[in-house]
Amino acid sequence: IDDNHNVQMYMHFVEKSKQRLLEGHRLFLGGLPNNNQFDNVLSLMPQQNDSSCRCYETLVFCGYEHVDNATLRSIVAQNLTGSGDNIDSQVEGAEEEVVDDSAIIMFKPGALIWNPQTQCTMKTDPRSLKDGTCAAYRKLRRDLVQTYFEKDPSLRTKIQQYQRRILVQKGFISENDKNIHSIEEWKFVGLTHRKSRRKWLNIADVLSMCERTFQKHKIACVTVDVEEASSPTEQLLLHRSLHALVGVHGAQLTQGVLLPRNGYVLELLPWVPHYLWGGWVARTHAPTPLGIIFHNTDLNHVGYSLGRDSVPLCRHGNASDAEEDRACLMNPKTGTLGKFRWADRDFEVPVRAIEDFIASFLRDEEGNEKKKNGDSTICEDMQRRAERGNFVLYNAFCRRSSSQGHYVAEHYYREEDETQPTNIHEVKSTD
């Protein structure tokens, strides 16, 4: 297919328990190629007396498998009888049903929908990620943004109007200020907020610090709550307005792919001790499962490891006693264990960490300060800034020297600490 406008994309919910279509889903679907003709997926299937349609083969290519007749008969039998009995068996008290399986074509999703040509997944060796040519996520981001702007030629103006509305609501500029250049001087930092599971407990303290410290530098911090967005368009305007997005590891950071060029995503890495499931969400020697989507893009992906103090549990005990602390946190009888699992845990963030991030990467510097810290667009200077603030720089979109105008993607992972205990849930079986 030569023209993306002749493509129609479909979404299949494999699990019945996960069939809720959120505004964020609609947002990303709106950036995929489509011809604005939303025919039922069954229109792709060959009709009984029509052998000309072969579009259904695309389903097989994209991770679906054709169900052979023997398997199909078993599936039909289970649907009719509730068991795997022979298809000729019948439900008690019901009339026998005759099924002509020769007229049925069935596809089922494969166990894993994965394209090895992406060359970058969470299982890819970190050395291969550093040296490889993975461009899948860069292309995805480029195509999404391009589609949004093609669909709405006035999108750029709407983004500026959205930024202006933020500044007016905060009282940073006057309602009568119509000067577009005054808005372009500002930078916007989004702090992601969730209503349940992984709530940012001290987000108000961070917002207060940001206003107190960075308003004079024309940096505005805003709360990003995708659950409150009224439409996919509002989500697009919000994220496209930001220069940085900050939040704990989770799906709410996927909208980071919508940030403008040179934007920052700060991923707060949950504290996961070696005895708790989920250590991969806190790794620094390679991108996290979520962070891989920013690999080799024109965005900057930064990580910050939260410590024991980020966990608001078992604070009445002796945290310096590791065994006592572990016993309290892992206690299923008190319900603490359920609250302690990283995916369900609320968290607190050191306010100073967010202040250091904004000061290091977003605040404009001049004179001696800039001379001391270097240029924030130079790769080595970015690396030094990250190390000084104890950040890991997974993906840096930067210049190799001040004389070079061309930007490249560099990766400054940390070395894996062999002295730390291996996570007991990630030890491979020797069987």
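Me: On what basis is an angle between two helices defined here?

Reply: Helix axes are lines fitted to C-alpha atoms over the stretch in contact, and angles run from 0 to 180 degrees between N-to-C directions. In this predicted model, the axes of helix 12 (residues 351–361) and helix 14 (residues 379–388) cross at roughly 165 degrees and come within 10 Å.

Me: Which orientation does that angle give helix 12 relative to helix 14?

Reply: Angles over 145 degrees count as roughly antiparallel. Helix 12 is therefore roughly antiparallel to helix 14. The crossing of these two helices is right-handed.

Me: Which residues make the contact between helix 12 and helix 14?

Reply: Helix 12 contributes A359, S360 and F361, while helix 14 contributes M382, R385 and A386. By class, the residues of this contact comprise 4 nonpolar, 1 polar and 1 charged.

Me: How many disulfides does the structure hold?

Reply: A disulfide is assigned to a pair of cysteine sulfur atoms within 2.5 Å. The structure holds 3 disulfides. One of them joins C379 to C398, with an S to S distance of 2.1 Å. C379 lies in helix 14 and C398 in strand 8 (residues 392–398), so the pair, 19 residues apart, links distant parts of the chain.

Me: Is the link of C379 and C398 right-handed or left-handed, and are its cysteines buried or exposed?

Reply: The link of C379 and C398 has 95 degrees about the S-S bond and is right-handed. Both C379 and C398 are buried.

Me: How is the disulfide of C210 and C221 to be read?

Reply: The sulfur atoms of C210 and C221 are joined at an S to S distance of 2.0 Å. The torsion about their S-S bond is about 75 degrees, so this disulfide is right-handed. The partners are 11 residues apart and link distant parts of the chain, with C210 in helix 8 (residues 203–214) and C221 in strand 4 (residues 219–224).

Me: Why does C221 count as buried?

Reply: Buried means under 20% relative accessible area. C221 counts as buried because its relative accessibility is 4%. C210 is buried as well, with a relative accessible area of 1%.

Me: Why is the disulfide of C314 and C328 left-handed?

Reply: The torsion about the S-S bond of C314 and C328 is about -90 degrees, so the disulfide is left-handed. Its S to S distance is 2.0 Å. This pair also links distant parts of the chain, 14 residues apart: C314 is in the loop between strand 7 (300–305) and helix 10 (322–329), and C328 is in helix 10. At 11% relative accessibility, C314 is buried.

Definitions and conventions
Residues numbered from 1 in each chain as written. Predicted model: local features only at pLDDT ≥ 70, side-chain atom pairs only at ≥ 80, totals over all residues. Heavy atoms only, no water. Helix = DSSP H or I, 4+ residues; strand = E, 2+ residues; numbered from the N terminus. Parallel < 35°, antiparallel > 145°, perpendicular 65-115°, else oblique. Left-handed = near helix turned anticlockwise from the far one by under 90°. Contact = heavy atoms within 4.5 Å. Nonpolar A, V, L, I, M, F, W, Y, C, P; charged D, E, K, R; others polar. Buried < 20%, exposed > 50% of the residue type's maximum accessible area, 1.4 Å probe, protein only.
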